[in-house]
Amino acid sequence: LWTALYDERDLAAGIELRNEGDGPLWLLRERVGTPLSAPAADSAGIAVRRDWFTPDGRPFRGGELREGDSLVVRLTVEALEQVEDLVVVDPLPGGLEVENLNLLDARLLQTLVIEGQALADRGGSETIRHEEYRDDRYSAVLRLWSGQTGQLWYVVRAVSPGEYAVPPVQAEDMYRPWLRAVGAGGSRLRVLPPQGRGQTGP
């Protein structure tokens with residue numbers, strides 16, 4: 001077995017491969033990178049949506065946050081057929097970091113009320129098989145019956161000023177990848193410095 005790796009410059013310069021053996025020669029070309037634009041929204045057997053709320057329960061439609069501000073994130077997932085291992089991944093915009101709800105004070109969660117529901121009393125835990133709070137994303141694995149809707153909750157905090165693209169939330173059956181969904185994306189979010197930082201004069 002012989003393998004070799006070539007980058008784009010090698011390929012542009014030209015590479016000659018000659019098979020001097022009796023067996024077949026296999027060539028694999030793979031590109032790895034970050035797309036310049038968000039993938040289009042899509043739904044195939046699954047639907048997924050992200051909603052942002054301010055800590056006082058008002059919908060947040062995007063735009064601007066100040067460093068230190070928090071948002072409550074609600075992910076709504078609907079399965080059009082039964083799924084046992086549905087992976088939901090919500091990549092964070094740059095400038096935000098996720099906070100683990102399991103580490104927050106229960107009294108604080110009781111004060112976070114979204115559309116009449118306190119986060120301390122959030123339901124749907126019976127559908128969650130696994131949950132992760134990572135540096136750059138929130139992810140979970142759900143079990144849903146056909147026609148069932150599940151909700152996932154987490155909190156983010158603005159930590160780095162700048163302007164960032166908002167990537168779409170995505171969901172996919174772990175073993176049946178044709179059952180998948182891509183939420184709306186393509187918007188942008190600005191994180192401003194705290195009031196007073198960098199300001200001069202009165």
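User: Hello! By class, how many nonpolar, polar and charged residues does the lining of the largest cavity have?

Analyst: Eight are nonpolar, none is polar and two are charged. Nonpolar here covers Ala, Val, Leu, Ile, Met, Phe, Trp, Tyr, Cys and Pro, charged covers Asp, Glu, Lys and Arg, and polar covers the others, Gly among them. One caution: this is a predicted model, where local features need pLDDT of at least 70, side-chain atom pairs count only at pLDDT 80 or more, and totals for chains, interfaces and linings use all residues. Residues are numbered from 1 along each chain as its sequence is written, and side-chain values use heavy atoms, with hydrogens and water left out.

User: How many cavities of 30 Å³ or more are there, and which residues line the largest?

Analyst: Rolling a probe the size of a water molecule over the atoms shows where empty space is left. A cavity is a set of points on a 1 Å grid over the protein atoms alone where a 1.4 Å probe fits but cannot get out, and lining residues have an atom within 4 Å of a point. Points join across faces, edges and corners, and volume is the space filled by probe spheres set on them. The count here is one cavity of 30 Å³ or more, and the largest holds about 30 Å³. Its lining consists of Arg-50, Trp-52, Val-73, Asp-90, Pro-91, Leu-92, Pro-93, Leu-96, Tyr-154 and Val-156.

User: Which strands each supply at least two residues of that lining?

Analyst: They are β2 (46-53), β6 (83-91) and β12 (149-158). Strands are DSSP runs of E, at least two residues long, numbered from the N terminus.

User: Which strands does β6 join by bridges?

Analyst: Two strands pair if DSSP finds at least two bridges between them. Seven bridges join β6 to antiparallel β11 (residues 137-144), with Asp-90 opposite Tyr-138.

User: Why does Ile-46 count as buried?

Analyst: Ile-46 counts as buried because its relative accessible area is 0%. Ile-46 lies in β2, and its contacts (heavy atoms within 4.5 Å) beyond four places in sequence include Val-77, Leu-86 and Asp-173.

Notes: 1 Å grid on protein atoms, 1.4 Å probe; cavity = no way out; pocket = protein on both sides within 12 Å on 5 of 7 lines; lining within 4 Å. Helix = DSSP H or I, 4+ residues; strand = E, 2+ residues; numbered from the N terminus. Buried < 20%, exposed > 50% of the residue type's maximum accessible area, 1.4 Å probe, protein only.
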